[in-house]
Amino acid sequence: MTTALAAKPDGQASIEVDVVDAGLSFAGRLIFQNVSLTLRSGEWTALLGPSGVGKTSLLRLIAGLPEDGGVTTGTVRASDGQPLAGRIAYMAQRDLLLPWLSIIDNVLIGHRLRHYRTGVEDRQKALHLLDQVGLAVRAQDRPAALSGGMRQRVALARTLMEDRPLVLMDEPFSALDAVTRFRLQETAARLLSGRTVLLVTHDPSEALRLADRIALLAGAPVQLTDAGRLPDVATPRPLDAPGMAERAAGLLQQLALQDATSQDIRASAEMGLA
Ligand SMILES: Nc1ncnc2c1ncn2[C@@H]1O[C@H](COP(=O)(O)OP(=O)(O)OP(=O)(O)O)[C@@H](O)[C@H]1O
Ligand SMILES: [Mg+2]
């Protein structure tokens, strides 16, 4: 099958997104504040950080999804001044597949919700994307018949089906075995070329392989820092490209340091020492 995503979404130019002074708290508990970040047009930005630091929350804030009981501050603006609504594809950390729909209908859910009916071309494209993630043969199955990694691949196909200029993905490869992960990283890099992408990951090597820029969300209080210059190799970078192993080790060390510091500060606070 030759169906492929266009280099840019239909009729939608690539966009830059500015997040300015974003903040979030729950019932007075501050998660982060004064977080500013630019998602450059047509580039992949990876967001790395320890568990619980607020990566999913920041992604949801950018997507304009309300947090239950959360109070948010700051602004999220597209460079063209137009609203972001309708221009975002969001892949959540949980796959959120609808159990009563077949796999292919789950991939088509956005189309179904918007147009009520899907055409032959839509179904062909959905099948092509399922083929790209290795699941075309399971198109008629229900989600319950799939493994966790398979379900995550369906969620990835569904995100790609949305074909939007801004793509927010929350650990999209986390449930995959090493070989499938490597292959799907390449597939996503190819199919999302030209999109502005924010990728949340725990894996420094994955960030280094795919991202044009890496931002670290860590520390106490939580801060967003740019990881600096990345190896001068086109993405997806081969893992054995010069400088990759050293940078991965450096990022891991940076994360571990900040995590240890924040744990110390939390522990001190709990003991009434800070
Ligand atoms: N609805 C909620 N009510 C109260 N606290 C919440 C809520 N949602 C998230 N939190 C808290 O906000 C913080 C950030 O959560 P978030 O899910 O953004 O972390 P994360 O960095 O994505 O973690 P992980 O890597 O484990 O997915 C956590 O301390 C979490 O407990
Ligand atoms: Mg998360």
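Select strands E5, E6, E7, E3, E8 and E9: these 6 strands, in that order, form an open sheet with mixed pairing. Strands, numbered from the N terminus like the helices, are DSSP runs of at least two residues (E), and helices are runs of at least four (H or I). Two strands pair if DSSP finds at least two bridges between them. At the edges are E5 (88-91) and E9 (223-226), each of which pairs on one side only.

This is a predicted model, in which local features need pLDDT of at least 70 and side-chain atom pairs count only at pLDDT 80 or more, while totals for chains, interfaces and linings use all residues. Residues are numbered from 1 along each chain as its sequence is written, and chains are lettered from A and ligands numbered from 1 in the order in which they are written.

Next, select E3 (residues 44-48) and E7 (residues 196-201), which pair in the parallel sense over 5 bridges. Ala46 has Leu199 of E7 as its bridge partner.

A residue is buried if 20 or more other C-beta atoms lie within 10 Å of its own, exposed if 12 or fewer, and partly exposed in between, with C-beta atoms placed from the backbone. The buried residues of H5 pack against several elements, including helix H4 (120-132) and helix H6 (178-191). Asp163, which follows H5, has a positive phi, near 50°.

Then colour the largest nonpolar core, which has 65 residues; Ala46, Leu130, Ala157 and Leu199 are among those that touch the most other members. Such a core is a set of buried Ala, Val, Leu, Ile, Met, Phe, Trp, Tyr and Cys residues joined through C-beta atoms within 7 Å. Helix H5 (residues 148-162) gives the largest share of this core, 7 residues.

Select Leu130: leaving aside residues up to four places away in sequence, Leu130 touches residues including Val107 and Ala157. Contact is defined as C-beta atoms, placed from the backbone, within 7 Å.

Last, go to Ala85, in the loop between strand E4 (70-78) and E5. Ala85 is exposed, because it has 8 other C-beta atoms within 10 Å.

Note on methods:
Two residues are in contact if their C-beta atoms, placed from the backbone, lie within 7 Å.
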